[in-house]
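Work through the exercises below. Each has a task and a stepwise solution.

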Amino acid sequence: MKTPINPDKFGGSYTVLKTDAEVEAKLAKKRANERFICETIIEDNDDPKAVQAAKDRLAELDAIEKKAG
């Protein structure tokens, strides 16, 4: 007999993604959120290291999106 997964054991409810389209949509949303955070850091931060790290991450996101098609 299989033991059912207890959602509370893993910090609450969860969603199982079932199709490639659902997975791609979730990843696209995650990248959009990261892009927003990076753009905010670049605009509102005086720390050159933080700004450079945000720019580097934006470049990585661009490469990921270009590769994804």
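**Exercise 1.** Is Glu 60 buried, partly exposed or exposed?

Solution. The model is predicted. Step 1: the relative accessible area of Glu 60 is 42%. Step 2: buried means under 20% and exposed over 50%. Step 3: Glu 60 is therefore partly exposed.

**Exercise 2.** Trace the side-chain polar contacts of Glu 34.

Solution. Step 1: locate Glu 34 in helix α1, residues 20–44. Step 2: its side chain makes a 2.9 Å polar contact with Lys 30. Step 3: that pair also meets in a salt bridge. Lys 30 and Glu 34 are four residues apart in α1. Step 4: a 2.8 Å polar contact joins the side chains of Glu 34 and Arg 57.

**Exercise 3.** Which residues of α1 are buried, and what do they pack against?

Solution. Step 1: the buried residues are Arg 31, Glu 34, Arg 35 and Cys 38. Step 2: they pack against α2, residues 48–68. Step 3: take Arg 31, buried at 14% relative accessible area. Its side chain forms a salt bridge with Glu 65 at 3.8 Å, N to O. This pair links α1 to α2 across 34 residues.

Definitions and conventions: Residues are numbered from 1 along each chain as its sequence is written. This is a predicted model: local features need pLDDT of at least 70, side-chain atom pairs count only at pLDDT 80 or more; totals for chains, interfaces and linings use all residues. Side-chain values use heavy atoms; hydrogens and water are left out. Helices (H or I, at least four residues) and strands (E, at least two) are DSSP runs, numbered from the N terminus. A polar contact is a pair of N or O atoms within 3.5 Å; within protein, one must be able to donate a hydrogen and the other to accept it, and residues adjacent in sequence count only if both atoms are side-chain atoms. Buried means under 20% relative accessible area, exposed over 50%, partly exposed in between (1.4 Å probe, protein chains only). Contact means heavy atoms within 4.5 Å. A salt bridge is a side-chain nitrogen of Lys or Arg within 4 Å of a carboxyl oxygen of Asp or Glu.
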